[in-house]
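This report describes the fold, the chain contacts and the packing of one structure. The sequence and the model are shown first.

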Amino acid sequence: MNLKRILAISIVCYIFVLFFFQVDFTAALEAQSKINTLVEKVKIPNTVTAVYLRSRVYDTLFEVIVFSVGVLGVTIMLKAEPRSELSEQTIFGTAQVYSSGIMAISVTIFLYVVLNGHISPGGGFAGGVILASSVVLYGVSSSFIKALSHYEKLRMKILENIALVIILSLMTMGLSFPNFTFGLNEAQSYGSILSGGVIPLINLLIGLKVYAGAWKMASEFVVRRGTL
Amino acid sequence: MISDMVIYTSLIGAFLGTLGMLLTSNLIKKILALGIVETSVTLFFTAISSKGGTRAPIIPSLPIENVHFADPIPQAVIITSIVIGFAILSLLLTFTIMLHNRYHTVDIDLIEGMLEGEEE
């Protein structure tokens, strides 16, 4: 037992000492030519979005699929575990008012971040996490039963699946036909929202997908282990 | 200069996280250490992308100015890693909940002892 532990420590130390002294980090990376090529090809201001939604769209496609499989795994694995009793929490009036306000603001921020994802910093993943964290905050601080009911009321399950199918079909089209932009690119000026073609739509759908997945995982944990 | 410092800081963070994963026997602490390693890798990629320059790679108007932009490609790659890390941490916590419901402990040595007792 002790020998195994010492061996593990020495192997880890050896690998990281190699990293520190052998790997050469000094090579200067020339980013200007890459940025020129990306802006010329995709014609949107945010070059990071241009990479992960146009030239490397294959990565994002499988990332969304892996995220969906992760959510599915959490849901199925926790289905066999016993549920804890969800009772009404003791609610402070101030916390309820403020968390409802934060939730209302965060819907607006979600739409802004998602629709401006190709102009300013942001995008689908960040927007989805913003919305999900505010809903979790509302559930934990005000009323978890009320927060749970919106998943059924808005039919998020169906919405999530429709979003996944549309993302898959749009990304596959973008992969098969590299010039596929819905023709919005030429009519709009550089830097407006519609100049991205389908990129704002894909960002919106990814945001919905990430929001639904993150909320589903968090609510499964709270339902099994109880609120604080 | 600052990016070199950040690179070495992220390597130290990954080193400490790996040691923590190996040396503790508590499952929750192992998962926390894995989170530290993931964050350090994210920091490493961000530092690599800022080798050439530190300006964010967003071009607001079309004649591109000649300033030192950061490299957009490592940043786009690491977006994938963040979301996948979130999904992986959730799955690991799920397995920990299942183990705790079954064996009423999160200590990996105790669980191994119980498993050996079950087999005999």
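## Overall architecture

Chain A has 10 helices and 0 strands. Along the sequence, its elements follow the pattern α-α-α-α-α-α-α-α-α-α. The model is predicted. The radius of gyration of chain A is 22 Å, well over the 17 Å that the globule rule gives for 228 residues, so the chain is more spread out than a compact globule. The C-alpha trace of chain A spans about 65 × 60 × 35 Å along its principal axes. Of the 228 residues in this chain, 33% count as buried. Among contacts in chain A with a separation of 6 or more, 76% are made by residues 24 or more positions apart.

## Contact with chain B

In chain A, 41 residues are in contact with 35 residues of chain B. Five elements of chain A, listed in the table, each give two or more residues to the side that touches chain B.

| Element of chain A | Residues |
|---|---|
| α1 | 2-22 |
| α2 | 32-42 |
| α3 | 47-55 |
| α4 | 57-79 |
| α10 | 199-225 |

The largest share of this side, 9 residues, comes from α4(A). By class, the side of chain A that touches chain B has 25 nonpolar, 8 polar and 8 charged residues.

## Packing of α5(A) and α6(A)

Two packed helices are described by the angle between their axes and the distance between the axes. Helix α5 of chain A (residues 93-115) packs on helix α6 of chain A (residues 124-141) at an angle of about 170°, and their axes are 9 Å apart. The two helices, α5(A) and α6(A), are therefore roughly antiparallel to each other, as the angle is over 145 degrees. On the α5(A) side, the residues that meet α6(A) include I102(A), M103(A), I109(A) and F110(A). The residues that α6(A) brings to this contact include I130(A), L131(A), L137(A) and Y138(A). By class, the contact of α5(A) with α6(A) has 14 nonpolar, 7 polar and no charged residues.

## Nonpolar cores

The largest nonpolar core has 50 residues, of which V51(A), I167(A), I202(A), L205(A), I206(A) and Y211(A) touch the most other members. Helix α10(A) gives the most to this core, with 12 residues. Leaving aside its neighbours within four places in sequence, I167(A) is in contact with V64(A), I202(A), L205(A), I206(A) and K209(A).

Terms used. Residues numbered from 1 in each chain as written. Chains lettered and ligands numbered in written order. Predicted model: local features only at pLDDT ≥ 70, side-chain atom pairs only at ≥ 80, totals over all residues. Helix = DSSP H or I, 4+ residues; strand = E, 2+ residues; numbered from the N terminus. Rg over C-alpha atoms; globule rule 2.2 N^0.38 Å. Buried ≥ 20, exposed ≤ 12 C-beta atoms within 10 Å, placed from the backbone. Contact = placed C-beta atoms within 7 Å. Nonpolar A, V, L, I, M, F, W, Y, C, P; charged D, E, K, R; others polar. Axes fitted to C-alpha atoms, helices over the stretch in contact; angles between N-to-C directions. Parallel < 35°, antiparallel > 145°, perpendicular 65-115°, else oblique. Core = buried A, V, L, I, M, F, W, Y, C linked by C-beta atoms within 7 Å.
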